[in-house]
Amino acid sequence: MSGDSSLPRHVAIIMDGNGRWAKQRGLSRIDGHRAGAKNVRKVARAFADHGIKYLTLFAFSTENWGRPQEEVTGLLHLLSHSIDEETQRFHQANIKLVHIGKPDRLPLELRRKIKSATELTKDNTGMTLCLAFDYGSRSEIVDAVRCIKEGNVSPEGISETIFSSYLDTADIPDPDLLIRTGGEFRLSNFLLWQVAYSELYFTPVSWPDFNEKEIEKALLDYEQRQRRFGNL
Ligand code: IPE
Ligand code: IPE
Ligand code: MG
């Protein structure tokens with residue numbers, strides 16, 4: 001199915017709306033995040049079944065550290081728990097796990113878990129599931145500039161292709177389709193360089209409710225788009 005241009009090769013998702021989903025139900029914000037984390041497995045499987053080669057999920061931004069300590073700790077705990085629960089399942093489904101973002105601010109144990117999950121699945125040939133955790137596009141771009149400077153790359157040696165190779169997403173094609181759940185119309189510092197020509201899809205549906213039916217709607221909408229990349 002990879003040659004089918006009506007199907008995005010790479011789908012990236014800003015998984016937003018967990019807190020409001022919980023509030024509407026009289027639950028705590030962390031309950032919303034728990035429901036959101038649970039939804040990741042189903043959504044990943046559904047996209048893999050559709051033949052999507054790359055799925056990137058925005059789970060925690062560089063700005064999300066500014067939330068109340070209790071919520072931050074809850075989110076770190078949920079990620080840790082999800083890795084324990086899901087890694088073997090993803091591995092069995094031939095899914096390759098990748099992390100983008102800064103590993104160094106995460107608790108050591110969580111860093112180790114991320115490393116072992118990515119190591120375990122690195123040779124898998126099915127869908128690549130890329131988890132953006134402590135990810136921020138501006139920080140990624142600044143780090144790339146720093147590396148280029150430290151590597152003494154000559155000014156003439158810097159091209160768009162070379163610059164891209166210094167980003168966390170170096171081995172991943174740019175997203176064809178960017179989905180944001182939760183009703184906001186913004187990028188919130190997600191993949192700013194990489195979405196230059198992505199098709200954008202915004203849905204009011206909260207992340208915990210983003211199901212197979214909603215996935216089909218998004219893919220159908222993408223199929224109707226005419227991508228021109230500046231040409232006629
Ligand atoms: C998205 O849900 C998850 C993270 C940002 C970690 P939110 O927690 O932002 O949910 P809302 O936007 O408050 O509803
Ligand atoms: C974006 O959601 C980050 C993630 C989904 C991880 P936010 O809820 O943090 O974004 P803003 O604050 O509404 O822009
Ligand atoms: Mg939000």
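Predicted model: local features only at pLDDT ≥ 70, side-chain atom pairs only at ≥ 80, totals over all residues.

Q: Which strand is joined to β6, and by how many bridges?

A: Strand β5, residues 177-180, is joined to β6 by 4 bridges. These two strands run parallel.

Q: What holds paired strands together in general?

A: The strands of a sheet pair through backbone hydrogen bonds, and the pairing may be parallel or antiparallel.

Q: Then what is the order of the strands in the sheet?

A: The order is β3-β4-β2-β1-β5-β6, in an open sheet of 6 strands with parallel pairing. At the edges are β3 (96-100) and β6 (199-202), each of which pairs on one side only. From one strand to the next, the twist averages 20°.

Q: Changing topic to the ligands: what surrounds ligand 2?

A: Its shell includes Asp16, Arg180 and Arg186, and also Phe58, Ala59 and Phe60.

Q: How far are the polar side-chain atoms of Arg180 and the others from the oxygen atoms of ligand 2?

A: A polar side-chain atom of Arg180 lies 3.3 Å from an oxygen atom of ligand 2. For an N or O atom in the side chain of Asp16, the distance to an oxygen atom of ligand 2 is 3.2 Å. For Arg186, the corresponding side-chain distance is 2.8 Å. The protein covers 78% of the 390 Å² of accessible area that ligand 2 has on its own.

Q: And ligand 1: which residues are closest?

A: The closest are Asp16, Gly19, Arg20, Arg29 and Arg67, among 13 residues that surround ligand 1. Asp16 and Arg67 also belong to the surroundings of ligand 2.

Q: Which helices supply residues to the shell of ligand 1?

A: Helices α1 (18-24), α2 (29-49) and α3 (69-92) each supply at least two residues. The largest share, 3 residues, comes from α1.

Q: What polar contacts does ligand 1 have?

A: Among them, an oxygen atom of ligand 1 is 2.7 Å from an N or O atom in the side chain of Arg67. A polar side-chain atom of Arg29 lies 2.8 Å from an oxygen atom of the ligand. With Gly17, a polar backbone atom is 3.5 Å from an oxygen atom of ligand 1. The protein covers 88% of the 380 Å² of accessible area that ligand 1 has on its own.

Technical notes: Residues numbered from 1 in each chain as written. Chains lettered and ligands numbered in written order. Heavy atoms only, no water. Pairing = 2+ DSSP bridges. Axes fitted to C-alpha atoms, helices over the stretch in contact; angles between N-to-C directions. Near = heavy atom within 4 Å. Polar contact = N/O pair within 3.5 Å; in protein donor to acceptor, adjacent residues only side chain to side chain. Areas by Shrake-Rupley, 256 points an atom, 1.4 Å probe, with all protein chains shown as cover.
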